[in-house]
Amino acid sequence: MSDRAPHHDDYNFAGVRELPEPLPDGERVLWQGAPRWTSLYRRAFHGRSIAIYFALLIGSRGVAVLASGGHPADALQAMSYLLPLAGAGLAMLALVAWLTARATWYTITSRRVLMRVGVVLEITFNFPHAVVASAGLREHAEGTGDIPLRFSDGNSIAYAHLWPHAKPWQFRQTEPMLRSIEQPRQVAALLAQAIAQASGGTALPVGQSTSIRTRPLADLSATVGG
């Protein structure tokens, strides 16, 4: 199979979005995908934590009414006043998460990782495999996962420009992250193989991570078939 890409097949075929510009000869699209919005809502926008906060706030209002000698019916009424506010807040947050996921498109090619992001202003970030010093895999219980990329020394990008497509709390040395993607283990294996090939077969080193179920990409590259 030739590594020379057809003029159109690599960036404009069924199920794959177009890239900002045609790929150079010899570069191939290996994978494209987007975040699952429900996972993004839960993890990047902390939807579950905020829902728990609203529940505690509403519950405390009812307890306060009962503690002051009020009737249970009065407590329920006092609590009901906060329900529309909580519902509106959570719905707005869910809408932002859905729009963010809809506006995001990750692409892995044989030479780089691209992130097309931005709900209002679309931006495409371009990370050649050559600048990726290490990477990791964090899997979540619902089947999605994150793949953070750590740059080699001297390469960085503002955290505010990347969020929410960045590893949390990494402000000094930001790490772009393919976030809340489907089939994260398979994608990580594919990326590991692509980076290894781009670097002449050198195994990809892995940065330390406190995330649960984190695995080195170098260990996954052998699982790629084909």
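Trainee: Why is Arg43 called partly exposed?

Mentor: Check its relative accessible area, which is 23%. Buried means under 20%, exposed means over 50%, and partly exposed is what lies in between, with a 1.4 Å probe and protein chains only as cover. Arg43 at 23% falls in between, so partly exposed is the word. Before we go on: this is a predicted model, where local features need pLDDT of at least 70 and side-chain atom pairs count only at pLDDT 80 or more, while totals for chains, interfaces and linings use all residues. Residues are numbered from 1 along each chain as its sequence is written, and side-chain values use heavy atoms, with hydrogens and water left out.

Trainee: What makes Arg43 and Glu142 a salt bridge?

Mentor: A salt bridge needs a side-chain nitrogen of Lys or Arg within 4 Å of a carboxyl oxygen of Asp or Glu. For Arg43 and Glu142, the closest N and O atoms are 2.8 Å apart, so the pair passes the cut-off. Arg43 sits in helix α1 and Glu142 in the loop between β5 (132–139) and β6 (144–151), so the bridge ties together parts 99 residues apart in sequence. Glu142 is also partly exposed, at 24%. Arg42 belongs here too: Arg42, Arg43 and Glu142 are linked in a network of salt bridges.

Trainee: How many salt bridges does the structure hold?

Mentor: Eight. Another one is Arg150 with Glu175, their closest N and O atoms being 3.0 Å apart. Arg150 is in strand β6 and Glu175 in the loop between α5 and β7, so this pair ties together parts 25 residues apart in sequence. Arg150 is partly exposed at 26%, whereas Glu175 is buried at 3%. Then there's Glu122 with Arg116, at 3.8 Å from N to O.

Trainee: How do you know that α2 is a helix, and what is its reach?

Mentor: Helices are DSSP runs of H or I with at least four residues, strands are runs of E with at least two, and both are numbered from the N terminus. Helix α2 covers residues 47–67 and has 21 residues. From first C-alpha to last, α2 reaches 30 Å, close to the 30 Å expected. That expected span is 1.5 Å times one less than the number of residues. Across the chain there are seven helices and eight strands.

Trainee: What makes the buried residues of α2 line one face?

Mentor: They are Gly47, Phe54, Ile58, Gly62 and Val65. Looking down the axis of α2, they fall within an arc of 70 degrees, so they line one face; the arc is taken from the directions from the helix axis to the C-beta atoms. An α-helix has 3.6 residues a turn, so residues three or four places apart point the same way. On the other side of α2, Leu56, Val63 and Ala67 are exposed. The cover over the buried residues includes α1 (37–43), α3 (72–80) and α4, going by contact, which means heavy atoms within 4.5 Å.

Trainee: What makes Ser180 stand out?

Mentor: Ser180 has a positive phi of about 55 degrees although it is not a glycine. Most residues other than glycine have a negative phi, and most peptide bonds are trans. Ser180 is in strand β7 and counts as buried at 1%. His46, in the loop between α1 and α2, also has a positive phi of about 55 degrees, but His46 is partly exposed at 43%.

Trainee: Why is the bond between Trp163 and Pro164 worth a look?

Mentor: It's a cis peptide bond, with omega about 5 degrees. Pro164 lies in the loop between α5 (159–162) and β7 (177–182). Pro164 is also among the residues touched by Thr100, which is in helix α4 and buried at 11%.

Trainee: What makes Met92 part of a surface patch?

Mentor: Patch members have over 30% relative accessible area and no salt bridge; like charges are joined within 9 Å, nonpolar side chains (Val, Leu, Ile, Met, Phe, Trp, Tyr) within 5 Å. Met92 has 52%, so it counts as exposed and clears the patch cut-off on area. The nonpolar patch, with Trp37 and Trp98 among its other members, has about 940 Å² of accessible area together; areas come from the Shrake-Rupley method with a 1.4 Å probe, and for residues only the protein chains shown count as cover. Helix α4 (residues 83–102) gives the most to the patch, with five residues.
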